[in-house]
Amino acid sequence: MSMPVPVVWSADCLRHEPAGEVWLGLRDPGTEVPDRALVLRAALEAAGAPVQDARPHDDAILRTVHDPRLVGHLAGIWADWDQAGLPADYGRDRVVPYLFPTGAMLAGLPLRVPPAAHARAGLFCYDTMTLVGPGSWEAIRGAVDAALTAAGLVGSGARLAYALCRPPGHHATRGGYGGSCYLNNAAVAAQALRVAGAAQVAVLDIDAHHGNGTQMIFYDRPDVWYGSLHVDPGAGWFPHYAGYPDERGRGAGHGYNWNLPLAPGTGDEGWLDALDVLCVEARELRPDAVVVSLGLDAAAEDPESPLQVTAAGYREAGRRIAALAPAVFIQEGGYHLPTLGPLAVATLQGAAEGAA
Ligand SMILES: [Zn+2]
């Protein structure tokens, strides 16, 4: 069976080489590597999916989703770090923050922007795992263009589209980055669909981890509903501080945010049951479009989560989600290189069946 879902990607995604992550004080090799994009692309192409390049877009929508200061910081911090001599003179080959100006530190003082690049590294980053290197910005911006291009396809009548975004995005908040995410590709796609005329958008986040960034970007809004199933942060999993069921939205957005945390070890049955709960809620809103944060890290083989979902589970998820409305799938996590491609193919095959 040929795969009828258009795949949008940007070759720039390969330029982001985080070269590891600093976790609990030590630099580990990291799992968010360029090969992820290559195996995804190869598998989708082999399955017959038409692959197209992302079209360049201006920053208009990006700057309504994110604080423009975050966008400017990401665009310039590597050059500043490099110019300060940190790689050449100090052996610091990636931007890693060592100081975070938290509310507790400032205790009411105004937030200044210090001139030293090594001090500014912690101004927008909220963890030590999300490194910036020489080609990172081009990849980050290319992922946004891929999301916007795929959203544009669905906004202009396509039933399904998939954006092969790398780096992923759902942990990026309006003004902060972390969790291997820099700019929120799914949130940008959702906002683009709103601008293109979708009155109600539903974001379904099936990555193994809670999409704290997407949740908070739309937390006060009823027009973009957010539903997530993910491994329980209360059981010790990233992002630890968000993803609990009592986070229901705020103000006009109250009731438009749904978190369904799952116990470690949850497999197809529990995962799909939770998805059904979200699909029932989403369907009641009669969404004009769905954005799927497609993390493939809930799979049993994945090293980054204890969920135990199979390829058949992902295929069924694709089928059920695509039955809701026209859908843009945005690649999020997924780190087991040998199974990543087959999982993406299974999901999009299911989606094609659900949309038929
Ligand atoms: Zn994840």
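User: How are the donor residues of the zinc ion spaced in sequence?

Analyst: This is a predicted model, in which local features need pLDDT of at least 70 and side-chain atom pairs count only at pLDDT 80 or more, while totals for chains, interfaces and linings use all residues. Residues are numbered from 1 along each chain as its sequence is written, and side-chain values use heavy atoms, with hydrogens and water left out. Donors are N, O and S atoms within 2.8 Å of the metal (3.2 Å for Na, K and Ca), and sites may look incomplete because water is not among the atoms. In sequence, the donor residues of the zinc ion follow the spacing D-x1-H-x87-D.

User: Which residues coordinate the zinc ion, and at what distances?

Analyst: His209 sits in the loop between β6 (201-205) and α9 (212-217), and Asp297 in the loop between β9 (289-294) and α11, so that the pair links distant parts of the chain, 88 residues apart. Helices (H or I, at least four residues) and strands (E, at least two) are DSSP runs, numbered from the N terminus. The zinc ion is coordinated by Asp207 (OD), His209 (ND1) and Asp297 (OD), at 2.0 to 2.2 Å.

User: Is His209 buried or exposed?

Analyst: Buried means under 20% relative accessible area, exposed over 50%, and partly exposed in between (1.4 Å probe, protein chains only). The relative accessibility of His209 is 9%, so His209 counts as buried.

User: How do helix α10 and helix α11 pack, in terms of their angle?

Analyst: Axes are lines fitted to C-alpha atoms, for helices over the stretch in contact, and angles run from 0 to 180 degrees between N-to-C directions. Helix α10 (residues 268-284) and helix α11 (residues 311-322) have their axes 10 Å apart and pack at an angle of about 10 degrees. Angles under 35 degrees count as roughly parallel, over 145 as roughly antiparallel, 65 to 115 as roughly perpendicular and the rest as oblique. Therefore α10 is, relative to α11, roughly parallel.

User: How many disulfides are there?

Analyst: A disulfide is a pair of cysteine sulfur atoms within 2.5 Å. The cysteine sulfur closest to that of Cys13 belongs to Cys165 and is 9.0 Å away, which is too far for a bond. By this rule the count of disulfides is 0.

User: Which residues does Gly265 contact, leaving aside its neighbours within four places in sequence?

Analyst: Gly265 lies in the loop between β8 (257-262) and α10, and at 44% relative accessibility Gly265 counts as partly exposed. Contact means heavy atoms within 4.5 Å. Leaving aside those neighbours, Gly265 is in contact with Pro306, Leu307 and Gln308.
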